[in-house]
Amino acid sequence: MKDKILKITVIILSLFGLLMIYSSSYIWADFKYNNPYKFVINQGIFLVIGIILMHVVSKIDYKLYKKHASIILLLGVILLILVLIPGLGIVRNGSRSWFGIGSLGVQPSELSKIALVIFVSKYLEKNDKDKKMTLNFILPILLVIMFSFFLIMLEPDFGTGMVIVLSLLVLIFITGTNFTIFIKLGILGLIGIVLLVIIAPYRLKRITSFLNPWSDPLGSGFQIIQSLYAIGPGGLLGFGFTSSRQKHFYLPEPQTDFIFSIISEEFGFLGVLIVSFLFITIFYRVVKISIDKEDLFGKYLSFGLSFMLIFQTLLNLAVVTGLIPVTGVTLPFISYGGTSLLVSMIEIGIILNIGSQK
Amino acid sequence: MFRSIINNRIKFVFLVVITIFLIVIIRVFYIQVIEYKKLSSLAESLWSRNLPVQADRGRILDRNGLVIAGNVTTSSLVLIPVQIKNKEEVAKNLAEILGVTYEEMYKHVSKKTSIERVHPEGRDLSYEVAEKINDLGYDGVYLLKETKRSYPYEEVLSHVIGYVGIDNQGLSGLELMYDKYLTGSDGSIKYYSDGKGNKLSLPEIYNSPQSGFDINLTIDLNLQLVLENELNKAMKKYEAEGAIGIVMNPKTGEVLAMSSKPSFNPANYQDYSKETINRNLAIWSSYEPGSTFKILTLAAAINEGVVNIFEDHYYDSGKINVSGSTLHCWKPEGHGEETFLQVVENSCNPGFVVLGQRLGKEKLFKYIDLFGFGKKTGIDLNGESKGIIFNLDNVGPLELATTAFGQGVSVTAIGQVNAVSAIVNEGAMYKPFVVKGISESDTGVMIEEYKPTLVSQNLIKKETSDLVKYALESVVANGSGHNAYIEGYRVGGKTGTAQKVGSDGHYMVGNYILSFMGIIPANDPEFVVYIAVDGAHNVTQYGGSVSAPIAKSVMNSIISLYNLPPDPEGMPRSYLWYEQKYITLPNVVGMNKTEARDMLNGLTIEYSGTGEKVASMSPEANTRVKEGSIVKLLLN
């Protein structure tokens with residue numbers, strides 16, 4: 001049984017994203033490339049490819065991935081290592097996380113997301129019997145996850161690294177393994193953060209600056225203030241499509257991390273509700289597939305992929321609305337970025353295939 | 001059942017995700033609805049640039065709405081360099097219109113600043129130049145309205161009005177006291193710009209400036225002009241050090257004119273000394289009043305019943321002995337036998353000493369205090385002085401005697417006017433004031449109105465007031481104030497000649513303040529006119545000879561400005577031997593020779609032509625001529 005609602009929702013959301021990329025980017029695109037349509041055309045091409053890929057992938061039996069999980073992970077890790085080599089990897093916005101192909105770029109960390117979820121899902125299914133022995137069950141896979149995280153942090157891309165690690169931890173959590181281990185891990189994480197702060201107290205300031213961005217309006221608080229200046233004046237109904245003020249060189253690169261601010265500015269609270277509803281719909285449909293799925297690998301894989309998407313979504317929204325410090329993750333299906341869109345579409349394709357098999 | 005554990009955990013995670021979504025949505029609601037106003041206004045100020053539009057300062061108007069302090073509007077050029085696309089072309093055209101070199105103008109249009117003013121060539125632009133620049137229609141080139149204080153009458157009323165600084169802020173006088181009202185709120189032209197300063201194609205928003213409120217004075221500009229003119233003439237004629245003039249309505253306390261010389265032009269107050277611009281002599285300067293102070297002694301004596309000015313007599317030998325000291329009358333040989341009315345007419349010092357002695361120090365000083373001497377009048381102007389009055393405990397017979405005729409006390413001009421006003425206004429004292437109200441400048445609607453303030457009443461009996469007025473009229477008709485007499489009108493007054501105290505504490509030789517306190521109409525005064533000339537040269541040092549004629553000119557203007565009707569009830573003028581008597585020519589045309597001769601008694605008649613009847617006369621009938629003048633009659 002194919003999930004039409006999931007597919008249509010994804011397409012609606014990414015088409016809306018394309019419109020918003022146009023609206024938020026044409027000023028910058030015109031300024032930087034003398035072509036206001038530069039970003040929207042690029043993204044449009046990726047969207048077409050993405051929709052085709054989603055369709056194609058949805059026809060591929062997901063069990064195939066289980067068979068080749070190790071090779072897929074190996075490929076992912078090799079790419080993550082290759083991108084660190086100067087000359088092969090390109091530095092953009094301070095991170096060496098791109099393979100350049102013309103003006104287009106490919107982010108191996110995005111690709112490695114799928115590889116890791118496949119590998120972890122397979123591992124969890126295979127060792128299902130051992131999950132009572134928590135430490136033995138978790139430790140090997142944690143090492144794999146932390147190694148990938150380590151590679152991604154070398155770029156560095158903290159946002160993507162965090163999305164991957166936390167999503168996979170949640171995936172391990174849902175296997176039903178002992179709950180207390182996560183509390184212990186959480187305490188360990190807190191101790192780590194406290195240590196980092198003690199070593200270098202300025203980090204605390206950076207962490208707390210999001211609480212009051214106005215304490216450093218031109219430094220760490222700049223982006224969040226600009227984001228609030230977009231969201232706030234949007235009010236209930238917004239300024240209307242293309243009428244954002246903040247995209248006029250106030251909000252830096254509004255088509256990527258902060259595109260949600262522009263959505264809030266142009267469509268107001270109503271727009272925010274609709275976009276949130278679409279994301280929740282997607283997650284809800286996938287969660288339904290996962291719950292209905294008897295096959296453990298399929299269950300884990302569909303949940304893992306969708307949680308990764310929704311976790312990244314929440315991380316982005318929380319950053320944009322000033323709930324947490326700026327981490328630098330994009331909004332799935334909507335933010336500008338070819339690799340990200342393709343990976344998201346492939347993920348949905350895989351989920352669709354899982355859902356279509358009894 | 002491990003499957004169900006897994007599914008439960010999935011459901012749990014789903015619920016957590018939904019909860020976080022709700023938190024995000026609530027957060028957005030908080031930002032967009034609760035914080036909407038705050039963030040909108042902050043963002044608005046980020047997006048918009050304001051070009052200031054200066055508000056007009058409120059005007060200062062006389063009692064009839066004539067503008068004493070107004071504004072002139074000019075345009076000034078403002079550039080927003082980032083918005084100027086073709087800098088060469090704009091610089092070239094602007095340089096041509098303003099007569100600046102291209103290089104200099106190019107510097108202006110390409111300066112790295114948000115708003116650039118072209119100073120000074122771009123300020124105070126004429127209408128034509130502004131129009132030319134406007135016609136170019138370039139982006140980033142703006143003309144802004146600027147407004148500047150103007151004082152069309154220059155030095156007139158300068159001490160009362162004060163002056164403003166370079167930013168139109170009040171620095172002294174009414175300009176300072178009412179600065180809060182006079183200052184308008186500037187408006188702006190608001191346009192939206194992007195993060196790089198370029199103008200966005202959103203419509204500009206014009207916030208019109210709010211003019212300041214107008215201050216409405218009790219001053220009558222026309223009368224003020226007369227007073228200023230008279231004092232200026234006196235300053236020049238007598239090479240005087242200073243002069244003071246005040247005209248006040250005793251029935252309300254409204255000051256109709258007030259002038260202090262030397263005055264200054266508020267438009268370039270920097271050119272004058274601090275003393276000149278800061279001292280409103282009419283309220284600041286305190287000096288020995290001299291004989292004008294006798295009005296108070298007289299009122300006190302009559303009110304206390306210690307003198308009957310018609311019946312009581314006094315023999316003035318020219319001096320009087322007071323506890324060992326000899327006080328002289330201004331007339332060395334004395335006035336001889338006189339009634340106390342004549343004592344007043346003659347301004348006889350020994351006579352007033354006697355009045356003071358009859359009163360005693362407690363009573364005299366009670367009246368001095370009642371009529372406000374030694375205190376501020378409370379006029380609504382900055383910089384008023386109190387004057388100096390003897391402490392009652394230190395008053396001996398000598399101090400009592402000198403105080404009675406106006407020596408040894410120090411008072412301000414406004415203080416004297418205030419006291420005399422109360423005396424002639426049946427003992428009712430009103431606080432002097434110059435600001436009548438505050439009004440909106442475009443509608444004229446009064447937002448605040450200041451009514452006359454009755455300070456005290458029944459200070460003296462009505463009969464006392466009437467007798468003092470009678471005495472003052474008599475001073476002008478028969479005594480030392482004759483230079484203020486106006487034929488057909490009732491004028492009262494009192495002269496004053498006060499020696500000045502020098503910096504060494506002694507009286508200065510030959511340096512006087514010559515003053516005159518006048519009232520008109522004398523029987524029911526509506527105007528109290530005070531004139532004082534300080535340090536006059538080249539003239540007999542009597543108030544009657546210097547200040548009385550000035551007061552007379554001012555009162556003549558009052559008569560014509562306020563259409564005062566002639567009053568035949570007035571006291572006839574008595575003439576001194578050296579004075580000419582005036583005769584109004586009766587109409588003798590059509591009469592025969594003898595009838596005409598009888599009618600023209602006191603005049604020299606010259607006939608021409610032959611015949612018995614008068615065909616015409618020259619000067620014509622109703623002309624006023626001196627006694628003994630020649631009147632030509634044509635006979636046929």
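Chain A contains 13 helices and three strands, where helices (H or I, at least four residues) and strands (E, at least two) are DSSP runs, numbered from the N terminus. This is a predicted model, in which local features need pLDDT of at least 70, side-chain atom pairs count only at pLDDT 80 or more, and totals for chains, interfaces and linings use all residues. Residues are numbered from 1 along each chain as its sequence is written, while chains are lettered from A and ligands numbered from 1 in the order in which they are written.

Of the 358 residues in chain A, 49% are buried, that is, have 20 or more other C-beta atoms within 10 Å of their own, with C-beta atoms placed from the backbone. Contacts are pairs of residues whose C-beta atoms, placed in that way, lie within 7 Å. In chain A, 70% of the contacts between residues at least 6 apart in sequence join residues at least 24 apart.

Turning to chain B, five strands form an open sheet in the order β10-β9-β23-β22-β21, with antiparallel pairing; two strands pair if DSSP finds at least two bridges between them. Its edge strands, β10 (255-261) and β21 (492-501) of chain B, each pair on one side only. Nine bridges link β21(B) with β22(B) (residues 507-520), and T495(B) stands opposite F516(B) in β22(B).

Two helices pack on this sheet. Helix α17(B) (residues 413-424) touches β9 (242-248), β22 and β23 (527-534) of chain B, and its direction makes about 150° with that of β23(B). Helix α18(B) (residues 462-478) touches β21 and β22 of chain B, at about 75° to the direction of β21(B). Axes here are lines fitted to C-alpha atoms, for helices over the stretch in contact, and angles run from 0 to 180 degrees between N-to-C directions.

Technical notes
Buried ≥ 20, exposed ≤ 12 C-beta atoms within 10 Å, placed from the backbone.
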